[in-house]
Amino acid sequence: MKRIFVISFIALFLISCSHNKYAYDASGTFEATDIIVSSEATGRLEWFAVQEGDKLDAGEAIGLVDTVQLYLNKLQLLANRQALGSRTLDISRQIAATQQQIATQQRERDRVEKLISANAANTKQLDDINANILVLEKQLSAQRESLQSNNLSIYGEIDGVAAQIASIDDRIARSVVKSPISGTVLVKYAEQGEYTSVGMPLFKIADTDHMILRAYVTSGQLSQLKIGQEVTVYTDFGDDGGSREYKGIVTWISDQAEFTPKTIQTKDERENLVYAVKISVENDGYVKIGMYGDVNFNFQ
């Protein structure tokens, strides 16, 4: 009889454990950071290679809006910039003749000064030469200023054209549809060949590698929680009632109480007001958006 009692007790204990596989302090559902990617250009969607469920890397190109007109405008601006460049003047070549005249007059002045020293020339000749040099130097200064002003004006036009080219390059770059984050495509809103415009949604992507369990705790539990605290998260696995265990990190705690959501249970069901918390979990591929999860806060 004693042996039968022991066997029966062990059986009841195992049955009890099967109904309470693990202790938990709160429950919640898994969610992920999702982004709706919209078009940044207007035109026909010439290429759009993405399907719901695809895994994308951050910055990966998966579509292209028509850029033909933008490219033609860029070619026209490049031609304009080249034409403007040909209008700039070589200042050193333009003033070379005046500089040569000044050099000639300076040599003549040196010759006359020697003649005056030998009483072979009068000072009027020297005065005339100095006057000529002064006039030529003023002409040279005005010529240089005029040429520089002309070139600066052209350089300003070239800079304006360069800015327009940079703007078109930016618009062409924005015509390439890229994934802003690494994640999984949840919803596809457009198809290749359709006409799109700026701000029109193209697809939704979520970072499913880093899941977030939104759970709710009582005020009593709240006092024992802090940002960065490690917790244990459980998810159901399979039809046999098994579970998977994950390490979680508390990343956010609400500072306002709310009524207990209908689909959420806390450890103490008598609590009407609860606080939402977010727990970050590294996903191994088995955690899905909307899946229920339980959490043990590992209170000592």
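Buried means under 20% relative accessible area, exposed means over 50%, and partly exposed is what falls in between, using a 1.4 Å probe and protein chains only. Keep that in mind for Glu-157, which is partly exposed with a relative accessible area of 35%. What you're looking at is a predicted model, so local features need pLDDT of at least 70 and side-chain atom pairs count only at pLDDT 80 or more, while totals for chains, interfaces and linings use all residues. Residues are numbered from 1 along each chain as its sequence is written, and side-chain values use heavy atoms, with hydrogens and water left out.

**The chain overall**

- There are 6 helices and 15 strands in the chain; these are DSSP runs numbered from the N terminus, with helices being H or I over at least four residues and strands being E over at least two.
- The chain has 300 residues, and 30% of them count as buried.
- Take the contacts (heavy atoms within 4.5 Å) between residues at least 6 apart in sequence: 77% of them join residues at least 24 apart.
- The chain's accessible surface comes to about 18,800 Å², and 51% of that belongs to carbon and sulfur atoms; such areas come from the Shrake-Rupley method with a 1.4 Å probe, and for residues only the protein chains shown count as cover.

**Helix α5**

- Helix α5 covers residues 123-174, which is 52 residues.
- From first C-alpha to last, α5 reaches 76 Å, close to the 76 Å expected at 1.5 Å a residue; the expected span is 1.5 Å times one less than the number of residues.
- At its start, a side-chain oxygen of Asn-122 comes to within 3.2 Å of the backbone nitrogen of Lys-124. That's a polar contact: a pair of N or O atoms within 3.5 Å, where within protein one must be able to donate a hydrogen and the other to accept it, and residues adjacent in sequence count only if both atoms are side-chain atoms.
- The buried residues of α5 include Leu-126, Leu-140, Asn-151 and Ile-168, and the buried residues of this helix pack against α2 (68-86), α3 (91-94) and α4 (96-117).

**A closer look at Asn-151**

- Asn-151 sits in helix α5 and counts as buried at 5% relative accessibility.
- Its side chain reaches the backbone oxygen of Leu-89 at 2.8 Å.
- Leaving aside residues up to four places away in sequence, Asn-151 touches Thr-88, Leu-89 and Ile-91.

**Salt bridges**

- A salt bridge here is a side-chain nitrogen of Lys or Arg within 4 Å of a carboxyl oxygen of Asp or Glu, and the count by this rule comes to 9.
- Lys-74 pairs with Asp-169 in one of these, with the closest N and O atoms 2.8 Å apart. Lys-74 lies in helix α2 and Asp-169 in helix α5, so the pair ties together parts that are 95 residues apart in sequence.
- Lys-74 is partly exposed at 22%, and Asp-169 is partly exposed at 32%.
- Glu-157 and Arg-87 meet in a salt bridge too, at 3.9 Å from N to O. Glu-157 is in helix α5 and Arg-87 is in the loop between α2 and α3, so this pair ties together parts that are 70 residues apart in sequence.
- Lys-188 and Glu-191 form a salt bridge at 3.2 Å, N to O; Lys-188 is buried at 14%, whereas Glu-191 is partly exposed at 42%.
- Salt bridges that share partners also join Glu-40, Asp-170 and Arg-174 into one network.
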